[in-house]
Amino acid sequence: MHIYIEDIGKYQGKDVIIKGWLFNKRSSGKIRFILVRDGTGIIQSVIAKGEVKDELFKIVDKITQESSVILTGTVRKDDRAPGGYEIIAKDIKVIQMAEDYPITPKEHSIEFLLPFRHLWLRSKKQNAIMRIRHEIIKACRDFLDNQGFINADTPILTPAAVEGTTTLFQVDYYDQNAYLSQSGQLYNEATAAALGKVYCFGPTFRAEKSKTRRHLTEFWMLEPEVAYIELDGIMDLAEDMTVYFVERILEKRKKELKILERDISKLEKIKKPFPRITYKQAVEIIRKKDKQLKYGDDFGAPHETILSDSFDNPILVHHYPAGIKAFYMKRDPNDESLSLSVDMIGPEGSGELIGGGQREDDYKTLLKRLKENNLPEKSYEWYLDLRKFGTCPHGGFGLGLERTIGWICGVKHVRETIPFPRMLDRVYP
Ligand code: 4AD
Ligand code: MG
């Protein structure tokens, strides 16, 4: 019977079939050990000379790394084997013999690996990161679904900017210009007024001009949006969702965290409540270590790291100066220079994981903001309509998936947190 390696514990003493690829092999006298991977795990198989047909022994000597193989044998519990089980081989069928697989078991540089991303994904560590990615997505969706949110996805081809005009990717759309979406937020505001609580989840695009370990040009964002919510409620939602997915990862993905050698004590410390500090307080904390930063400046990566080093939990920084935030941010009625915004800065220097806030809900004020930002009113007519027909306080946020995965996995650069990273200097493979 064909089984997956992750289920092997259920088949002790039974004959099974594993369909996969040769991960590695070694020999010791008259015994050969092969490691076969099938995507769900890696299993060791033992082939002893004299106990199997000579022919099988010869095949084993010939199989190369990443050849596709079908292994038949008996499952045996063995505490010395990696994973606690091994297979006593009865038959091995080679589906295709791989020649000169470029990623040998030795260490390789990132520069070498990136052009082989399509193959690099087969490695143990990359496999673990992708499994954690899957689990974070599922956990966030479950969290929102359990609270009655409706997934209403937003378009990728759009007529207008959300997060400033400097990072837009323009595309020819028949006889007009369109842009790849920087965020689903504006459409989320429409679906929130239609459905109450919504989220979108999809790829977003930013023509980032800088090469940093936190920036991709194509990244995935999970964006909840709620009608009749204010800044405090938005912060509660960000905090609850974060605690939820961290708990889920600790519950379900310990094996993967171990492969990544992640210090899980750091994740176990993530507990409510998260510190909530104003932008002004954040500036005071940062200025104790870096006097260059002035009130009114946006935070750079080193500033975020100073902040995150001051706390175990993620930090919710709110009330940024309106001047460094997007046109749609609602202002604080008590101080027009401040926006009702919130960013969540992740622990251990993982950077800004979440950006969001309360939206401007007054028609005239929003129109004024569009003009101040030189944004074409025509492209935003539908967005202005939302303020004409039953406006209400509303807001939400966007969670950057890749940075979040980087934090959870303890992987410093976002290029390893997405199957095929797109960066300033990379669109291949
Ligand atoms: O802070 P941002 O720009 O917020 C928005 O786009 C809002 N419209 C979202 C909303 O309120 N619905 O982006 C949100 C998050 C950031 O906190 C960061 O984690 C991630 O998206 N992000 C990036 N991740 C990787 N590469 C990039 N170039 C990113 N730009 C933003
Ligand atoms: Mg932001």
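Trainee: What is the handedness of the crossing of α4 and α13?
Mentor: This is a predicted model. In it, the axes of α4 (residues 124-146) and α13 come within 10 Å. They cross at roughly 120°. The crossing of α4 and α13 is right-handed.

Trainee: How many residues of the contact of α4 with α13 are nonpolar?
Mentor: From α4 come Ile129, Ile132, Arg133, Ile136 and Ile137. From α13 come Leu401, Glu402, Thr404, Ile405, Ile408 and Cys409. One residue is polar and two are charged. The nonpolar ones number eight.

Trainee: Is His413 buried or exposed?
Mentor: His413 sits in the segment after α13 (401-409). Setting aside residues up to four places away in sequence, His413 touches Thr212, Arg213 and Met423. Its relative accessibility is 16%, and buried means under 20%, so His413 counts as buried.

Trainee: In what order do the five strands of the barrel close?
Mentor: Start with β1 (residues 15-28). Seven bridges join β1 to β4 (residues 68-77), and these two run antiparallel. Seven bridges also join β1 to β2 (residues 31-37), again antiparallel. With mixed pairing, the barrel closes in the order β1-β2-β3-β5-β4.

Trainee: Which residue in β2 is the bridge partner of Arg26?
Mentor: Strands of a sheet pair through backbone hydrogen bonds, either parallel or antiparallel. Here β1 and β2 run antiparallel. The partner of Arg26 in β2 is Phe33.

Trainee: Which residue takes a positive phi in the hairpin of β1 and β2?
Mentor: Look between the strands. The hairpin has two residues there. The phi in question is near 60°, and the residue is Gly29.

Trainee: In which sense do β3 and β5 pair?
Mentor: Strand β3 covers residues 42-48, and β5 covers residues 85-96. Ser45 has Ile87 in β5 as its bridge partner. Over three bridges, the sense of the pairing is parallel.

Trainee: What angle does the direction of α1 make with that of β5?
Mentor: Helix α1 (residues 54-62) packs on the sheet. It touches β1, β2, β3 and β5. Its direction and that of β5 make an angle of about 75°.

Trainee: Which residues of α10 are buried?
Mentor: Helix α10 spans residues 301-309. Its buried residues pack against β12, α9, β13, β16 and β17. They are His303, Glu304, Ile306, Leu307 and Ser308.

Technical notes
Residues are numbered from 1 along each chain as its sequence is written. Chains are lettered from A and ligands numbered from 1 in the order in which they are written. This is a predicted model: local features need pLDDT of at least 70, side-chain atom pairs count only at pLDDT 80 or more; totals for chains, interfaces and linings use all residues. Side-chain values use heavy atoms; hydrogens and water are left out. Helices (H or I, at least four residues) and strands (E, at least two) are DSSP runs, numbered from the N terminus. Buried means under 20% relative accessible area, exposed over 50%, partly exposed in between (1.4 Å probe, protein chains only). Contact means heavy atoms within 4.5 Å. Two strands pair if DSSP finds at least two bridges between them. Axes are lines fitted to C-alpha atoms, for helices over the stretch in contact, and angles run from 0 to 180 degrees between N-to-C directions. A crossing is left-handed if the near helix is turned anticlockwise from the far one by less than a right angle, and right-handed if clockwise. Ala, Val, Leu, Ile, Met, Phe, Trp, Tyr, Cys and Pro count as nonpolar, Asp, Glu, Lys and Arg as charged, and the others, Gly among them, as polar.
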